[in-house]
Amino acid sequence: MAQGGLSTVWGAAVAPYRDRDLAEWPLGVSALAEHYRAVLEFMPLAGEHDALESIMPLYTDTPGPMAATAQIASLIDNLRAGTARLRRRGIVAGRSRLALQTTNDGPGISCRSCGLCLHGCPYGSIYRTDHEVLRMTAHPRFTYRPGEPVERIEEIGDHVTLLLREPTGEIRRERFERAFVGAGVLASTRLALMTLQVYDRQIDMQDSAYFTVPLLHLPPAPVSTTMSGVTLSQAFIEIDNPEVSPNTVHLQLYGYSDLVLRETARRLRMAPKRLERYGQSLLGRLMLAQGCMHSNSSDPIRVRLQHDDTLDFEQPAIAQRTRTEAHAAGRLLLRAFRDLRTLVLSPLLTVWPAGHSHHSGGTFPMARRPRNLQSDLLGRPGGLERVHLVDASVLPTIPGPTITFSVMANAHRIGHEAV
């Protein structure tokens with residue numbers, strides 16, 4: 001129901017998938033590579049050529065610049081200096097990649113980076129799909145019609161019929177050659193199950209397990225909410241160690257911001273302004289890491305379409321293997337303290353229930369020879385010929401690295417190959 005969907009308010013992190021994490025997929029990274037590049041022809045990417053490229057290509061030769069605060073610059077310097085030693089531990093780290101169009105690298109400009117900024121911001125602008133929708137309306141064969149949600153899709157012979165609910169509440173039928181459905185995993189799953197008339201049958205929704213842990217980076221750096229710069233993720237750490245997980249564990253590091261100040265002040269029961277003035281020794285060290293793991297590291301969320309056309313969910317308990325891998329990742333980073341110059345506060349590591357990462361999908365997983373409710377390589381579920389799912393609902397598994405870039409690349413692939 002939102003123009004552009006979740007990508008109007010997102011963390012802007014951009015990381016591609018790796019072949020080692022796609023064991024259950026019917027295609028590999030080679031099938032997505034040209035489409036990663038195609039996405040970056042219209043979506044900006046800020047980042048750097050660094051150690052991360054050894055396992056995660058940038059898919060562009062000219063990433064945009066991204067200014068670093070003193071706190072972040074110190075962290076990045078340590079990551080660079082310890083590259084070889086970290087790699088021997090199974091840790092690859094570097095600057096974050098963000099869908100961010102930077103326009104000013106000067107100091108003293110604060111950007112809250114909440115995803116709500118507009119083009120024309122003096123610091124930069126986050127890529128937003130609602131802006132992309134507006135851009136596409138200039139094309140003579142593109143029409144955006146808000147306020148007409150699709151209630152159901154019917155596939156009949158050589159066409160599909162969309163049942164559209166008009167603002168008056170009336171249902172109108174409209175015929176099309178094909179339907180490409182990208183409403184997000186929940187809405188797309190519901191619409192596909194309704195189209196296939198599959199009720200009261202449990203299906204699995206894969207979910208990337210999620211944990212957070214605070215960090216203390218040495219030495220402290222001067223920080224201020226008025227000089228916090230871009231407060232999106234500032235560094236990526238990829239754990240590529242089979243002793244931790246058979247798949248990549250992806251971590252995003254966040255520096256100082258007004259959110260960090262408010263939460264720390266709340267815990268210490270201090271006024272934020274007083275804490276920022278007198279607590280520089282603590283605040284200049286404090287950072288946050290959020291980690292995402294492969295969906296194989298957790299149990300799926302059970303989804304069922306009820307006869308009133310609503311989805312019912314059964315959230316699993318946090319699996320022991322999820323906790324084991326998350327804490328193993330924390331211990332590995334703790335052992336790498338000398339190179340990271342960052343202390344992991346392991347007792348404060350929190351593993352969150354399923355769904356907290358917002359990286360979910362796989363309700364109609366792609367397969368070369370699809371059966372039951374699987375989809376084919378063009379995202380067509382349950383034997384349909386002209387209905388294509390193009391979002392995370394067709395991903396067979398959800399790897400740890402960020403999901404949006406790969407969803408976009410796979411959607412581009414499906415559209416390209418379907419044509």
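1. A quick definition before the strands: two of them count as paired if DSSP finds at least two bridges between them. Helices (H or I, at least four residues) and strands (E, at least two) are DSSP runs, numbered from the N terminus.

2. Housekeeping: this is a predicted model, where local features need pLDDT of at least 70 and side-chain atom pairs count only at pLDDT 80 or more, while totals for chains, interfaces and linings use all residues. Residues are numbered from 1 along each chain as its sequence is written, and side-chain values use heavy atoms, with hydrogens and water left out.

3. Have a look at the open sheet with the order S14-S13-S8-S17, four strands with antiparallel pairing. Strands S14 (311-314) and S17 (360-361) sit at the edges with a single partner strand each, so one side of each has no neighbour in the sheet. S13 (residues 301-305) is joined to S14 by four bridges, running antiparallel, and Leu305 has Leu311 in S14 as its bridge partner.

4. S12 pairs antiparallel with S9 (residues 210-217) over seven bridges, and Val213 stands opposite Ala289 in S12. S11 (residues 249-254) is also antiparallel to S12, with five bridges; here Leu251 faces Gly291 in S12.

5. Met270 belongs to the loop between helix H6 (258-268) and helix H7 (272-278). Met270 counts as partly exposed because its relative accessibility is 31%.

Note on methods. Buried means under 20% relative accessible area, exposed over 50%, partly exposed in between (1.4 Å probe, protein chains only).
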